[in-house]
Amino acid sequence: MRRRGVCVTLAAAALLLGGCASVPNSSTPQAIGTIAREPVNAEVPAPTPGREPDLLLRDSFAASTDPADRHAAARQFLTPAAAATWDDAAGTSIVDKVDVLPESRSGDKANYTVRANRVGELDPGGVYRAVDGSFDATIRLVRTDGEWRIDGLPPGVILDRAQFLKTYQRKALYFLDPTGTAAVPDLRWIASEPQNTAATLIRMLIDGPKASLTGAVSNQLTDVTLKDPITKADGRSAAVGVGFGGLRIEFEGTGPLDVVSRDRMAAQVVWTLANAEIPGPYVLIGDGKPLDDRFPNGWTTADVASLNPATSTSAPVGLHALRDGALVRVSDSGVESLPGYFGTAQGLRSIALSRDGKLAAAVAGTSRSGPDQSAALMVGPVEGFATPAVEGATLTRPTWALGDTAVWTVVDGSKVVRVTRAANGEVVAEPVDTTAIASLGTNITELRLSRDGVRAAAVIDGKVYVITVVQRADGSFGLTGARPIAVGLGSPAVALDWSSGESIVVARAASDIPVVTVAVDGSRMDALPSRNLTPPVTSVDSTPTTTFVADSRAVFQLNAGDPVGDRYWREVPGLTGVKAIPVLPG
């Protein structure tokens, strides 16, 4: 049986496992590896004289990681005829555990079968897609003038995972949600020299978001172009984007943009470059003059702080919990009971706080006898009265949209509902179109909206997906563009939450490593520590700095800022020895 999956990174134990293992139903989760934060200068091999055909074939995989000049480095390993006809644009497969098996060899001809685990696809624009499958191809080699060269190969590029991670770096482009109030990351993989990275990212921004985000985000750079090469802020053309000196970027076509649109455009550029570790200040020129007269000497992240992708509203609201079916506020000294419906109820099953902490939505049991009305979504002020919004046999944990304008839940495993609340307390439930994701499965057990409101993470039949939220012209909402991300998870997902705009924390039904983090493009999966946890882990809530879980005994927290050697789950002060469910805004 073919072994599937990729290598596991145990962040908890700071242990990188170099081998890969079979993936049974309760296996350790799989990870495609550690993403380099610093550019790596990977040497691209040239054909070695006298190389045996199987070794030359492996060398060609390493050379394929250099995409320059239509993979000119890899074409060196091909005969002139094959180099002229090879279609490197047909697709890029990222593979692991590559086996090169001899099929036949006679004189100056040899055939080899290449078999591997296919772990990803790299689409145009550097878009990574996680896949779970196999790669199997026959490659023909011939010996010409005493040297072996590839004479027949399938279209497309084959990238060995380890070489891919040495050559490509993951960066985030930033677009905006439809309201223009939140930055939305669009992860891309690029293979670019450090001095060319800024230009590569800006051109990608101008080209727009990946297909799955089209229609869900806005882009202020859609109608602009780069006028001149990007330089240092003072005009120097050497080492652009490397070290100090900032950048000068000249655009054309900015004339129609008003002040607000220019601010948003600057935010997209600044956060894309800053989070790619390309330092500012960023001198932005539009049609020959400063993009904004307030910043003739350049923009900094402080100038666009309102659109900081890392902004979280959880800190001022603080941690709450569901204890004995009622909402309580948690502090280091203990828990505080709250007045109102949510603090005095006894049968709440799950709850979500609005991001400003003023509203709550909870799933409560009902006294109705009908099986289709055993649960109700209650919505209202945290310390006030609540109004029933929707009923069903089952309701997923609620989740709040950006701006606290609506709360979402899934009724009976398949019907996604969006509930709005008017200022007078009236609630209205509207269906969300799920036609585009209906084929993924029959039972949605978890749905969590991202902080930017543009994406949703979902557990469907135990598998994890990231789905795009689209608002249509008539005001209705739909879910589309679903992508599986936790490929190789090994055990069914139980719960999840957004840690940041780029990663999701997943609790899985396993006793060895019950909690993992997954990149939103599926390119990476890391096991979190399991020390002190007693599975099963049934609930997870997360911020960029802290993750909270409920296991079979109590509520625990894991702090991202702790030293690696000292990162383990600690009981939450105030909830020590208490079986409860952690609750953060969102």
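A residue counts as exposed when its relative accessible area is over 50%. In this predicted model, Asp145 has a relative accessibility of 78% and therefore counts as exposed. Asp145 is located in the loop that joins strand S5 (127-144) to strand S6 (147-152). Its phi is near 55°, a positive value in a residue other than glycine. A positive phi, of about 50°, is also found at Asp461, again not a glycine. Asp461 is placed in the loop between strand S26 (455-460) and strand S27 (463-471). With a relative accessibility of 42%, Asp461 is classed as partly exposed.

Most residues other than glycine have a negative phi, and most peptide bonds are trans. Two cis peptide bonds can be described here. The bond from Gly280 to Pro281 is cis, with omega near 5°, and Pro281 belongs to the loop between helix H6 (259-274) and strand S12 (282-286). The bond from Pro535 to Pro536 is likewise cis, with omega near 10°. Pro536 sits in the loop between strand S32 (525-527) and strand S33 (539-542).

The largest nonpolar core comprises 63 residues, and Phe251 and Leu273 have the most contacts inside it. Apart from residues up to four places away in sequence, Leu273 touches Ala198, Leu201, Ile202, Leu247, Ile249, Ile278 and Tyr282. A second, separate core has 35 residues, among them Ala82, Val114, Phe135 and Trp189.

The lining of the largest cavity consists of 13 residues, with Ser60, Phe61, Ser64, Trp86 and Leu153 nearest its centre. By type, the lining has 10 nonpolar and 3 polar residues, and no charged ones. Helix H1 (53-63) and strand S7 (157-160) each contribute at least two lining residues; H1 gives the most, with 3. Helix H1 is largely enclosed by the rest of the structure, because 8 of its 11 residues are buried. The buried residues of H1 are Pro53, Leu56, Leu57, Asp59, Ser60, Phe61, Ala62 and Ala63.

Thr546 lies in strand S34 (residues 546-550). Its relative accessible area is 14%, so Thr546 is buried. The side chain of Thr546 forms a polar contact with the side chain of Asn559 (3.5 Å). Leaving aside residues up to four places away in sequence, Thr546 touches Asp541, Gln557, Leu558 and Asn559.

Methods. Residues are numbered from 1 along each chain as its sequence is written. This is a predicted model: local features need pLDDT of at least 70, side-chain atom pairs count only at pLDDT 80 or more; totals for chains, interfaces and linings use all residues. Side-chain values use heavy atoms; hydrogens and water are left out. Helices (H or I, at least four residues) and strands (E, at least two) are DSSP runs, numbered from the N terminus. Buried means under 20% relative accessible area, exposed over 50%, partly exposed in between (1.4 Å probe, protein chains only). A polar contact is a pair of N or O atoms within 3.5 Å; within protein, one must be able to donate a hydrogen and the other to accept it, and residues adjacent in sequence count only if both atoms are side-chain atoms. Contact means heavy atoms within 4.5 Å. On a 1 Å grid over the protein atoms alone, a cavity is a set of points where a 1.4 Å probe fits but cannot get out, and a pocket is an open set with protein on both sides within 12 Å along at least five of seven lines; lining residues have an atom within 4 Å of a point. Ala, Val, Leu, Ile, Met, Phe, Trp, Tyr, Cys and Pro count as nonpolar, Asp, Glu, Lys and Arg as charged, and the others, Gly among them, as polar. A nonpolar core is a set of buried Ala, Val, Leu, Ile, Met, Phe, Trp, Tyr and Cys residues joined through side-chain atoms within 4.5 Å.
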